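Hi,

Here's the structure I promised to pass on. Have a look at it first, and then read on for what turned up.

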Amino acid sequence: FATDYYLGSLAAVQGGVALPDLPSLNARVLQPGDRVAFQGGESFAGTIELNAEDSGTAAQPVVITSYGTGRATISAGARPAIKIYNAAGFAVSNLDLVGSGKTSNTSRGIDAGVYLPTTTKLDYLHFEQMKISGFYTGVEIWAWYSTSTVAWPGFRDVSMVGLEVFDNCSEGIKTWGTWRANSTGTSFSHSDFYIADCTLYNNKGDPAATWHTGSGIILSGVDRGTIEYCVAHDNGGQGPATGGGPFGIWMWESHACTLQHNLVYNQKTSSSLDGGAFDLDGGSSDSTVQYNYSYNNEGPAVGIIQFHDASPLARNIVRYNVSENDCRKTGQGILYVGQYSGTYGINTADIYGNTFYVSTNSHGGMPAAANVENQSLIANVRIRNNLFFANHT
């Protein structure tokens with residue numbers, strides 16, 4: 001009994017229910033198996049709003065896509081293009097999401113959030129083959145608890161494949177969930193994330209922000225995740241001038257994640273820190289960075305960085321990566337291990353089989369091939385069987 005909904009100038013001849021505009025669609029209650037199709041080559045003003053009563057299932061998701069020739073455009077103006085709240089069971093593909101511009105839009109291209117009182121995991125969000133531009137953040141997947149009792153609600157089985165995310169203000173793709181200072185790192189809001197074949201560029205950062213902005217992908221609050229075959233380039237450089245900076249692809253407060261077969265180049269930082277390619281940051285555990293390539297980034301090729309109040313940063317692997325002329329601005333080093341927590345430090349990391357090539361740069365002079373800072377609470381970090389080539393003159 002699923003229903004096909006069509007929007008566009010040829011909607012009336014498609015054989016389903018023809019709807020005139022997005023407000024008409026948002027007034028409908030979407031059921032598992034329903035299909036919403038926008039006419040390719042046409043533009044639709046407003047926001048696709050999906051709430052709990054619209055939820056599909058993993059077996060029968062609500063499908064949202066284009067029909068006809070080309071992709072339809074969701075023209076969101078200053079608002080989100082797709083807003084999902086306490087709902088899941090959606091497969092969205094073949095749409096272009098366009099905001100009014102990164103200086104005027106304060107929303108997200110895709111804004112998907114869970115705000116519930118219990119540790120509930122909502123199943124199935126799949127996004128494929130989309131262009132997302134002109135927003136504050138391209139994609140933001142988030143979760144928090146709605147009462148005074150701490151909980152870890154979130155999403156499960158989330159995939160982003162073939163997304164082109166560009167010309168946004170703060171970040172390309174960003175996830176986050178419940179976070180508690182100095183927690184044990186055993187509870188996470190989300191699980192089973194897959195990000196592949198995405199391209200992220202010209203997400204320069206917000207100079208008015210009080211946190212680091214300008215990253216390609218930030219994975220946080222996730223238990224079991226993979227980022228692979230993604231390209232992040234020319235992000236960062238316009239965020240705040242002080243404090244930590246962005247990375248091309250990085251993770252924090254996540255467990256059992258893999259970053260592999262990715263490319264990061266021309267990542268920038270507006271401060272004197274970071275601006276690197278890949279980072280296992282505070283609270284990352286049992287995770288692997290492997291088979292990646294980076295070049296011409298302003299900061300480290302690989303960072304293992306523990307920030308103050310983070311959960312344990314433990315049992316990680318960095319292997320078989322290649323870096324060519326990173327650290328074009330900062331002096332942190334091509335491989336950077338930094339510990340800044342007074343509670344949980346960095347415990348157990350194996351770094352092997354990597355190739356790091358570095359030469360003199362115009363900002364940081366002669367970057368270190370490897371740099372370990374604040375060695376208190378660093379244990380069992382093993383750097384072995386790597387190739388370091390420094391062409392300093």
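A quick definition before the cavity search: a cavity here is a set of grid points where a 1.4 Å probe fits but cannot get out. Keep in mind that this is a predicted model.

The largest pocket holds about 560 Å³ of space. It is lined by 27 residues, and the ones closest to its centre are His212, Trp250, Trp252, Asp281 and Phe307. If you want to find the pocket by strands, go to β14 (171-175), β17 (215-220) and β20 (247-252), each of which gives at least two residues to the lining. By type, the pocket lining splits into 13 nonpolar, eight polar and six charged residues.

On to the packing. The largest nonpolar core has 76 residues, and the members that touch the most others in it are Phe38, Leu95, Leu97, Phe127, Leu163 and Ile173. There is also a second, separate core of five residues, with Ile218, Phe247, Ile305 and Tyr336 among them. Leaving out residues up to four places away in sequence, Leu95 touches Phe38, Ile48, Ile64, Thr65, Ser66, Arg71, Ala72, Ile74, Gln129, Met130 and Lys131.

Now the cysteines. How many disulfides are there? The count is zero, taking a disulfide as a pair of cysteine sulfur atoms within 2.5 Å. Cys198 is one to check: the nearest cysteine sulfur belongs to Cys230 and is 4.5 Å away, so by that 2.5 Å cut-off Cys198 is in no disulfide. Cys198 has a relative accessibility of 1%, so it counts as buried, the limit being under 20%.

Cys327 deserves a look for its backbone. This residue is not a glycine, yet its phi is positive, at about 55°. As a reminder, most residues other than glycine have a negative phi. Cys327 is in the loop between β28 (322-324) and β29 (335-339). Is Cys327 buried or exposed? Buried, because its relative accessibility is 0%.

His261 is another non-glycine with a positive phi, in this case about 60°. Its loop runs between β21 (255-260) and β22 (263-265). His261 has a relative accessible area of 31%, so it is partly exposed.

Last, Gly70. You'll find Gly70 in the loop between β6 (62-67) and β7 (72-77). Not counting residues up to four places away in sequence, Gly70 touches Gly40 and Gly41. Gly70 and Lys329 are 259 residues apart in sequence, and their C-alpha atoms are 42 Å apart in space.

That's what I have for you. Over to you!

Cheers

Conventions: Residues are numbered from 1 along each chain as its sequence is written. This is a predicted model: local features need pLDDT of at least 70, side-chain atom pairs count only at pLDDT 80 or more; totals for chains, interfaces and linings use all residues. Side-chain values use heavy atoms; hydrogens and water are left out. On a 1 Å grid over the protein atoms alone, a cavity is a set of points where a 1.4 Å probe fits but cannot get out, and a pocket is an open set with protein on both sides within 12 Å along at least five of seven lines; lining residues have an atom within 4 Å of a point. Grid points are joined across faces, edges and corners, and a volume is the space filled by probe spheres set on the points. Helices (H or I, at least four residues) and strands (E, at least two) are DSSP runs, numbered from the N terminus. Ala, Val, Leu, Ile, Met, Phe, Trp, Tyr, Cys and Pro count as nonpolar, Asp, Glu, Lys and Arg as charged, and the others, Gly among them, as polar. A nonpolar core is a set of buried Ala, Val, Leu, Ile, Met, Phe, Trp, Tyr and Cys residues joined through side-chain atoms within 4.5 Å. Buried means under 20% relative accessible area, exposed over 50%, partly exposed in between (1.4 Å probe, protein chains only). Contact means heavy atoms within 4.5 Å.
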